[in-house]
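Good morning, and thank you for making time on the agenda.

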Amino acid sequence: MAARKGRRRTCETGEPMEAESCDPGSQSPPQVYLPGKGPPLGEGEELVMDEEAYVLYHRAQTGAPCLSFDIVRDHLGDNRTELPLTLFLCAGTQAESAQSNRLMMLRMHNLHGTKPPPSEGSDDDDEEDEEDEEERKPQLDLAMVPHYGGINRVRVSWLGEEPVAGVWSEKGQVEVFALRRLLQVVDDPQALAIFLRDEQARVKPIFSFAGHMGEGFALDWSPRVPGRLVTGDCQKNIHLWTPTDSGSWHVDQRPFVGHTRSVEDLQWSPTEDTVFASCSADASVRIWDIRAAPGKACMLTTATAHDGDVNVISWSRREPFLLSGGDDGALKVWDLRQFKSGSPVATFKQHMAPVTSVEWHPQDSGVFAASGADNQITQWDLAVERDPEAGEAEADPGLAALPQQLLFVHQGETDLKELHWHPQCPGVLISTALSGFTVFRTISV
């Protein structure tokens, strides 16, 4: 959360930013800045980052902005908390010309924490400090392949030992790219140079499907059946992809019928092989079972899940909960055991513009994150209850107005598009925006 000149909220609530006066004569301490809840910044005030609220914070740019990305699970181990971190992302660009786009593998490494390790002596000379600073610089390696047309969405899956990316193109095609070679070279500077010089122009998708007859954004790999995929388009159609023994896919030409407007997002059930969820610009959220014929596969519907477009959904891997975010700025939690009722079990309205991404924490069942077109990333915990003995709410009525489940508000990005928790590095969030990629971990999660 940000702060303006004045009183500062305690770090336990996890605000990442403060605002300070640019007036050198001002002696007032920083004060909490609540986006949309209080007066705007005054003349001479600016938001500054509170580094004490972050364990990790890094930013990166890749040239053309990326609308979508996915984290590539690696072989470096699970539950990694030791710094510095290394992580791998697969992303696609939205360049101004169709020919300028790239599908990219990113290797981010040497990601140190916000606090440098304490020095042993206080009389270290400047030279040693400069060497330490150089050693702590984050590194980014990129392996890119040309892609004709902007990339709307990227989702990665492992088919046995083979990593693949499903890619939705603005040109109306969904393609599958093999990622093994990209992963190999991004980890080896010499091999990367050879790849960029001799190989990248020859990389083509291993499969493509143009049957959607228009562009789309919705795409999800099954977490339970390797290679099973669903894709949805702006023409309201959803198609099922089934892997074949030859290493290809059979795409059912019969679309799943139900939505009346663009299909915005798709999510497979983490517990049932044949069930997936969808959300749409028709304001509905639907649950489907592929064992039925496509025209009869919709099993459950909440027709007015949001006041307007439902942009994104996330299916919890630990609880029977579905999370949704819409153009109305609302975040809603749906208990699938009560889905027929049409009423969410929780609704949160912190975002002041359309929600652009939502995702449950992979390890903590009550925690989720969301991003919005209001340039906020919010972190939430359903299990949090306000301490009745805490006097802070009485001291600052603005804080009392915040939902008690709101852990953290991160700002500083421009035109946020998508976020993901790293499945192997607990608490690490990665986002993409017009302003670039951000990797961070807060003190709250």
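This is a predicted model: local features need pLDDT of at least 70, side-chain atom pairs count only at pLDDT 80 or more; totals for chains, interfaces and linings use all residues.

Residues are numbered from 1 along each chain as its sequence is written, and side-chain values use heavy atoms, with hydrogens and water left out.

Let me begin with strand E7, residues 85-93. Helices (H or I, at least four residues) and strands (E, at least two) are DSSP runs, numbered from the N terminus. How many of the residues of E7 are buried? The count is 9 of the 9, so the strand is largely enclosed by the rest of the structure. Here buried means under 20% relative accessible area, exposed over 50%, and partly exposed in between, with a 1.4 Å probe and protein chains only. Leu85, Leu87, Leu89, Ala91 and Thr93 point one way from E7, whereas Thr86, Phe88, Cys90 and Gly92 point the other way.

Strand E7 pairs with strand E6 (residues 66-71) in the antiparallel sense over 5 bridges, and Asp70 has Cys90 as its bridge partner. Strands E7 and E8 (residues 102-111) are also antiparallel, over 7 bridges; there, Gly92 is partnered by Leu103. Two strands pair if DSSP finds at least two bridges between them.

I turn now to the sheet. Its 4 strands run in the order E22-E23-E24-E25, forming an open, antiparallel sheet. Strands E22 (310-315) and E25 (346-348) stand at the edges with a single partner strand each, so one side of each is left without a neighbour in the sheet. E22 and E23 (residues 321-326) pair over 5 bridges, with Trp315 opposite Leu322.

Within strand E24 (residues 331-335) lies Leu331, which is buried at 0% relative accessibility. Among the residues Leu331 touches are Phe348, Val355, Phe368 and Trp380, contact meaning heavy atoms within 4.5 Å. Leu331 and Val355 are 24 residues apart in sequence, yet their C-alpha atoms are 7.7 Å apart in space.

Lastly, the surface. Ile443 follows strand E32 (436-442) and is partly exposed, with a relative accessible area of 37%.

Thank you; I welcome discussion.

How values were computed
Lists of a residue's contacts leave out its neighbours within four places in sequence.
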